[in-house]
Amino acid sequence: MEVVGICGSDVHYLVSGKIGPFVVKGPMVIGHEASGTVLEVGKDVKNLKPGDRVAIEPGITCRLCPDCKNGNYHLCRDMIFCATPPVDGNLTRYYVHDADFCHKLPDNMDLEEGALMEPLSVGVHACKRAGVRVGSVVLVLGAGPIGLVSMLTAKAMGASKVIITDLVDHRLKKARELGADFTLRIHKSMTEDDIIKIIKTKLGQDPTVTLECTGAEQCVRVAVQVTRSGGVVILVGLGKFEMTVPLAGALVREVNIRGVFRYNNDYPIAIELVKTGKVNVKPLVTHHYTIEDTLKAFNTAKTGEGNPIKVLIHANPDWKPSKDQFQYRKIIVKVLLKMESVGICGSDVHYLVSGRIGPFIVEKPMIIGHEASGTVLQVGKDVKSLKPGDRVAIEPGVGCRVCSFCKEGDYHLCAEMIFCATPPVDGNLSRYYVHDADFCYKLPDNVSLDEGALMEPLSVGVHACKRANVRFGDVVLILGAGPIGLVTLLAAKAMGATKAIITDVVEGRLKKAKEIGADYTLKIEKNMSEEQIVKTIKQLLGEDPNISLDCTGVEQCVRVALQATKTGGVVTLVGLGKFEMNLPLTSALIREVDIRGVFRYNNDLTTKPQTDNLTAVLYGIGDLRLEQRPIPEPKDHQVLLRMESIGICGSDVHYLVEGRIGPFVVEKPMVIGTTPQTRTVVQVGKDVKNLKPGDRVAIEPGVGCRVCSFCKEGRYHLCPDMAFCATPPIDGNLTRFYVHDADFCFKLPDHVSLDEGVLMEPLAVGVHSCKRANVRFGDVVLVMGAGPIGLVTMMAAKAMAATAVFITGTNRTYSERPPHGFYYYVMKIRKDMQDKDVIAKIKETLGEDPNVTIDCTGAEQCIRIALQVLFEIPLPF
């Protein structure tokens, strides 16, 4: 043996004599983070020879059980693991181990690094379980050795931002040295809300992945609350056997909560990360001792004296550490541009006149300009998207380039963005300029270079209208007819705004606005009061605007926008003015006027309908009425449907009886109905290609915004702006005629009946649940709850080749209703049954533990049973 690291579990055995069920009852050799040199090999060993230096993977499996054969050897119940009672560890001069769990070290790795492959493999496995990839935004809770190697792995796997927390300053200092983008020291006085708020503020967004490396209950609670919808929480640290966790909030946001147990085929990856220089573990080592000084080494690890991170014990005192031999290859994705057209922005003038905009101060010479186009002269060796001669529009802000938010919708909010002509960054008003290729957009042949330079301000207008959700039929007010106001006008009209009025103090600007399509213009005179301006706007339009876009940043204009906008409308603030303003905020908020900011640019969208039919309208608790409503008109991407069958969902009944579900409250009349099916498409919008009049379709009731990162990543069901039928304040579809987006209408095959069509919505829930659980051939599935969702989930599990399905319920008429042709087990849960009774009965009936459990009830007892009934494995140390 050469080097053995001291793990927290080693200290725990020394101090407490036990970890969970593993109790030190007799003398036991300690140590499991180790490296060594091969002295002798058994006659069947082919992969190693004497003299080879190896990292030792400390667990030896039975090699025979299903988990071992399926590649999940880390879950083997009969694993023999170093220094886990009663098995001896490897803090000794000589040690025997299975050859295939000894991993040969490359020449450029030393034996210290070899010993650190054990904790690094934990980090690798955790990040693999989390699906960390290029662009992930990661929170690591706990900056001990495991937290630090998890952070290093996350960065190596492409995470664009990593924040790490801890109670101890020296650990956070080490984290910063190792590459953490942000750190947060947790103080005992801080609440969970304080911690969550600071994390989000530092990142500028919610983390997509959280790695909890402490096991502390507060950290677990923070993890499940702070993680972005659809994200992943990985519980690396093991704490109390039972914890109080805000689970429901995480579940309805589809936050994946996954456990981590040691590692599985992760040593080779860990070694490769160090070999290639993507991870440097050497800075983790703070203390060295010989094997003769083992007691001193453990005292250092136990007391924290000298601020230890990783303490190493050298079993061979003649061993000397080698120097690092790493080199990182940078990808070259730049292009050299011959600049063609550069527009002068108001910000350029502002810097010239005032020398600053807010916190951005011109303190040294800076090249101006950011609205630009150019011709590619030369490309970097890794550039694939462009070639010399291409004409491009230049997007002036360069994000971190690798995070999902940078390239999938929210890159404009990148905390590390470098933006042209924003001090101290140079702009592009020069003959030649170098820029990142993926922020240069090739111009079509029919778009000139002058037009290319105007793509920057036009993108602001497009993004502003997208943020305001401008769509067909909207009535829009634009305050300010400068360049940004004018391009915003163009974007609003292109997105279908029926009426647009624009205001300014300069007559010439308003004349231009009229030429490019403004329906109305209003010149603001100096002597006009806010009340006069608001009144004139409403008179010209003949109604209140439902969307106002302020493109000035002037306090009076913002005040006018808030007062003029229709109740329930949207005010989007494009112009940036004073840091603090005196605004009539309360009156806008009680009218539910939505106020949204705009920062630079993003992508786009459209939508709308309405005219006469019999409709079921919920007015309040127990107050369901039938009334006539106009037959809606489909927009370009929509279809008008004649409704046939509408299923009654439990949520519909809940709204009728309770008037609310969680935060969704029926505060005004709402059409009911969420699970529809129609026999006939009556009319299609001009852009609809997938359907024609006469088609029978099943309707997916939720329509995403189509522009957020969730929608663009294929997870539209998590869209925060989803319009979902019969979810207040959105109308449902229990009506004669209904308009819906065509791409959320699915044509039924000829052999599928209308009644079957109506059941596609609950069946889709069951299918999605089984997909989320990754049900596949051979699985043993437990379904908790035999209501409609439980039954369709059972059907989906069987269709996905589950070997056996066990379903529970409290109503025998449900739980004993056999789905045609399926082999399954049922069980009625009585009120007097305890968790252990139910679990015992399930296991007895199945003859084995289920490996997938799907709870369809939401009841606490069922969730507790679901978490306990899965097969057990030994606790890690």
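Tutor: Let's start with the whole chain. The protein chain has 28 helices and 47 strands (these are DSSP runs, H or I of at least four residues for helices and E of at least two for strands, numbered from the N terminus). Its radius of gyration is 32 Å, close to the 29 Å that the globule rule gives for 877 residues, so the chain is as compact as a globular protein of that length. That radius is taken over C-alpha atoms, and the rule is 2.2 Å times the number of residues to the power 0.38. The C-alpha trace spans about 90 × 80 × 55 Å along its principal axes.

Before we zoom in, keep in mind that this is a predicted model, where local features need pLDDT of at least 70, side-chain atom pairs count only at pLDDT 80 or more, and totals for chains, interfaces and linings use all residues. Residues are numbered from 1 along each chain as its sequence is written, and side-chain values use heavy atoms, with hydrogens and water left out.

Of the 877 residues, 49% count as buried (buried is under 20% relative accessible area, exposed is over 50%, and partly exposed is in between, with a 1.4 Å probe and protein chains only).

Now for the loops. Most residues other than glycine have a negative phi, and most peptide bonds are trans. Against that background, a cis peptide bond joins Pro85 and Pro86, with omega about 5°. You'll find Pro86 in the loop between β7 (80–81) and β8 (102–104). Another proline pair, Pro423 and Pro424, is also joined by a cis peptide bond, again with omega about 5°. Here Pro424 sits in the loop between β23 (418–419) and β24 (432–436).

Next come the phi angles. Asn307 is not a glycine, yet its phi is positive, at about 50°. Its place is the loop between α11 (294–303) and β16 (310–314), and with a relative accessible area of 43% Asn307 is partly exposed. Ala801, not a glycine either, has a positive phi of about 85°. Look for Ala801 in the loop that runs between α25 (788–799) and β45 (804–809); this residue is partly exposed too, with a relative accessible area of 29%.

One more loop is worth a stop. Val245 lies between β13 (232–235) and α9 (247–252) and is partly exposed, with a relative accessible area of 28%. Although Val245 and Arg221 are 24 residues apart in sequence, their C-alpha atoms are 5.5 Å apart in space.

An unreviewed UniProt entry carries the annotation "domain: Alcohol dehydrogenase-like C-terminal" for residues 145–275 and 483–605; UniProt positions are given in the numbering used here, feature names are shortened, and annotations may be inferred rather than shown by experiment. Residues 145–275 are 45% helix and 17% strand, and their end C-alpha atoms lie 20 Å apart.

Finally, a word on cysteines. The structure holds 0 disulfides (a disulfide is a pair of cysteine sulfur atoms within 2.5 Å). Take Cys465: the closest cysteine sulfur is in Cys551, 8.3 Å away, which is too far for a bond. Cys465 is buried, with a relative accessible area of 0%.
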